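The following report goes through a protein model from its overall dimensions down to individual residues. It is meant to be read beside the coordinates.

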Amino acid sequence: MTSRTSIGNLLVANRGEIARRVFRTCRDLGIATTAVHSDPDADAPHVREADAAVRLPGAAPADTYLRADLIVAAALAAGADAVHPGYGFLSEDASFARAVLDAGLLWVGPPPDAIAAMGSKTAAKLLMAEAGVPVLGALAEPAEADLPVLVKAAAGGGGRGMRVVRRLADLPAALASARAEAAKAFGSDEVFCERYLPAGRHVEVQLLADAHGTVLALGDRDCSLQRRHQKVIEEAPAPGLPAAVRAELHTAAVNAAKAIGYVGAGTAEFLLAEDGRFWFLEMNTRLQVEHPVTEAVTGLDLVALQLAVAEGEALPPEPPAGRGHAIEARLYAEDPAKDWQPATGTLHRLEFTVPHQEFTGTGARLDSGVRLDTGVGPGTEVTPHYDAMLAKVIAWAPTRAAAARRLADALARARIHGPATNRDLLVRALRHPAFLAERLNTGFLAEHAAGLTAPDSGGTGRAALAAALADAAARRTALPSGWRNLPSQPQLKRYRADDGTESEVRYRITRTGLLAEGHPDVELVESAPDRVVLREGGLRRTYLVARHGDRVYVDTPAGGTALTVLPRFPDPAARTDPGALLAPMPGTVVRTTAAVGDTVTAGQPLLVLEAMKMEHRITAPADGVLVELRATPGRQVELGTLLAVVKSAREA
């Protein structure tokens with residue numbers, strides 16, 4: 001019989017929104033909380049919310065959140081009696097789980113042996129095959145007939161160490177790149193190859209098991225909308241599954257858990273083909289980022305259940321029935337139009353204007369229909385040290401269509417001021433006819449990229465006009481800005497949107513009203529430094545305006561536009577050599593793949609930067625010769641640092 005243990009003080013060996021999520025449930029249950037933090041996170045929301053916090057000296061993850069010895073010492077120093085790993089970092093490290101247990105602390109997670117059994121995807125596939133779970137076999141030596149293939153890291157997850165290979169000639173480079181990224185992310189450079197199904201769906205089953213032999217399948221999720229093999233939009237239940245396929249998936253997942261003596265929360269992930277066949281991908285031996293959608297449809301608090309299982313409680317014999325549909329969108333600091341380039345900088349505002357709940361604890365149902373999980377707030381510095389996710393936004397509704405509409409609206413109305421984000425892409429994806437028609441696969445975002453990332457030139461022009469009028473209101477004197485007794489030149493303001501669109505605003509305010517070039521039918525109703533109301537064709541629109549330095553943010557119910565104020569007249573001396581390659585983000589040079597004097601072709605990788613736990617290729621902008629290379633492996637670079645220069649053969 002399993003003994004019962006009561007948790008009094010819980011240390012969360014993580015940061016950001018997952019730490020805050022666990023703390024929320026602890027407050028509901030009356031459990032004291034302890035946070036750990038790196039130096040950049042010293043004033044982070046999760047640190048402020050904890051009852052106590054312990055500093056992990058350093059900035060990089062390898063020096064802080066990946067140091068098992070420091071975290072165990074922090075738990076003992078704080079008087080914690082249990083450790084929750086969150087997800088990412090050390091959450092799937094069997095040696096960390098053993099270290100926690102060896103220190104006499106309670107581990108809120110599966111047994112170390114179960115973690116180890118699933119720690120290598122190659123070993124896990126063999127184990128699952130023995131248990132009768134369908135698997136895709138690893139390809140020892142991929143041949144032309146096997147293409148396309150997917151190179152995957154044997155340890156860890158989250159899309160790191162994964163590369164799609166469509167030509168055998170590209171395989172060696174893909175293997176080398178995947179090994180390097182996997183080694184940094186997971187401490188192991190083991191990779192393997194398997195068949196890649198471009199039209200496959202990523203479907204997973206939420207599992208929960210206790211120490212008394214009960215294993216529950218708490219429904220399923222579809223996580224097919226991905227970029228760089230990382231999930232972006234997830235939903236529960238997985239739409240469009242025949243009842244028989246759904247039942248088979250749940251049975252396979254439960255069998256996978258039983259095969260390794262699993263205890264706690266975990267997820268069995270599968271690749272689903274168009275014909276209904278499916279194969280085991282991996283088992284995540286932790287809580288998933290997307291767990292809120294399961295909570296929303298079941299009404300369960302998965303964190304509370306994790307704690308209950310760790311304390312020795314028994315689960316009910318059957319899972320609850322699901323209710324309605326929930327969709328989650330991950331809001332990332334990145335630019336989808338620039339190959340998902342991560343963005344850094346100060347987050348000035350993250351404000352969701354629709355009614356919503358933050359996190360939710362033991363009452364996991366979404367009364368408002370919208371939930372926000374975030375680990376950042378005004379003033380947060382988004383750095384290259386950690387994952388680029390700013391928040392998870394979850395919507396629940398009785399039907400899938402209603403949930404998608406509710407989530408898209410919540411995102412569109414949000415006021416997000418700071419680094420570039422994927423907000424517009426999320427809204428467009430949720431409203432896309434193919435998404436609403438349940439035509440889902442892991443290539444969805446790539447397939448529809450043109451429409452999902454296209455610039456909104458019309459919206460940008462009106463936003464720039466509103467920004468100029470708000471600026472004029474801020475500078476207003478006794479006479480309206482732009483008004484003269486004699487005919488004069490229009491006022492001139494120039495802006496550049498994040499998608500590169502430049503807007504030149506020329507306007508005058510006369511006794512008869514606003515005269516704006518390019519906007520003949522626009523009337524100015526009112527203007528203030530933070531609010532402009534325009535009327536066009538009888539339609540009245542309100543624009544909320546905020547300025548931070550040379551950045552202006554214009555928000556409407558339909559979405560937001562970020563603008564950079566430009567000089568009235570371009571400075572020819574400020575122009576950048578068209579062949580100069582500048583660092584698109586702060587990061588570390590991992591390796592170079594070309595040398596000075598090499599002849600290069602457009603799109604050819606020249607070097608690789610590492611930022612936000614991912615590798616990013618810097619490619620040649622055109623055919624030519626590499627005449628300058630300032631990047632060396634290990635060098636830390638800031639945004640805008642000159643990395644290389646490519647010139648035409650004639651110039652060189």
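Predicted model: local features only at pLDDT ≥ 70, side-chain atom pairs only at ≥ 80, totals over all residues.

## Backbone exceptions and overall build

A second residue other than glycine with a positive phi is His229, where the angle is near 65°. His229 is placed in the loop between strand E10 (215-227) and E11, and with a relative accessibility of 24% His229 is also partly exposed. As background, most residues other than glycine have a negative phi, and most peptide bonds are trans.

The peptide bond from Leu147 to Pro148 is cis, with omega near -5°, and Pro148 sits in the loop between helix H6 (121-130) and strand E6 (149-153). Another cis peptide bond, from Ala236 to Pro237, likewise has omega near -5°; Pro237 belongs to the loop between strand E11 (230-236) and helix H8 (243-259).

At the level of the whole protein, the secondary structure consists of 16 helices and 39 strands. The radius of gyration is 26 Å, close to the 26 Å that the globule rule gives for 652 residues, so the protein is as compact as a globular protein of that length. Along the principal axes, the C-alpha atoms fill a box of roughly 95 × 60 × 55 Å. Where contacts join residues at least 6 apart in sequence, 64% of them link residues at least 24 apart. The protein carries 70 positive and 77 negative side chains, and the centres of these two sets lie 7 Å apart.

Two residues illustrate how buried positions are packed. Ile18, in helix H1 (residues 16-29), touches Gly86, Tyr87 and Leu287 when residues up to four places away in sequence are not counted. Tyr87 is 69 residues from Ile18 along the chain, yet their C-alpha atoms are separated by 7.4 Å. Val645, in strand E39 (residues 642-647), has contacts beyond its neighbours within four places in sequence that include Asp577, Gly579, Ala580 and Val625. Val645 and Val625 are 20 residues apart in sequence and 8.5 Å apart in space, C-alpha to C-alpha.

| Residue | Relative accessible area | Class |
|---|---|---|
| Ile18 | 1% | buried |
| Val645 | 7% | buried |
| Cys26 | 0% | buried |
| Cys193 | 6% | buried |

Each of these entries is classed as buried because its value is under 20%. How many disulfides does the protein have? A disulfide is a covalent bond between the sulfur atoms of two cysteines. With a disulfide taken as a pair of cysteine sulfur atoms within 2.5 Å, the count comes to 0 disulfides.

Terms used. Residues numbered from 1 in each chain as written. Heavy atoms only, no water. Helix = DSSP H or I, 4+ residues; strand = E, 2+ residues; numbered from the N terminus. Rg over C-alpha atoms; globule rule 2.2 N^0.38 Å. Contact = heavy atoms within 4.5 Å. Lys, Arg positive; Asp, Glu negative; His and termini not counted. Charge placed at Lys NZ, Arg CZ, Asp CG, Glu CD. Buried < 20%, exposed > 50% of the residue type's maximum accessible area, 1.4 Å probe, protein only.
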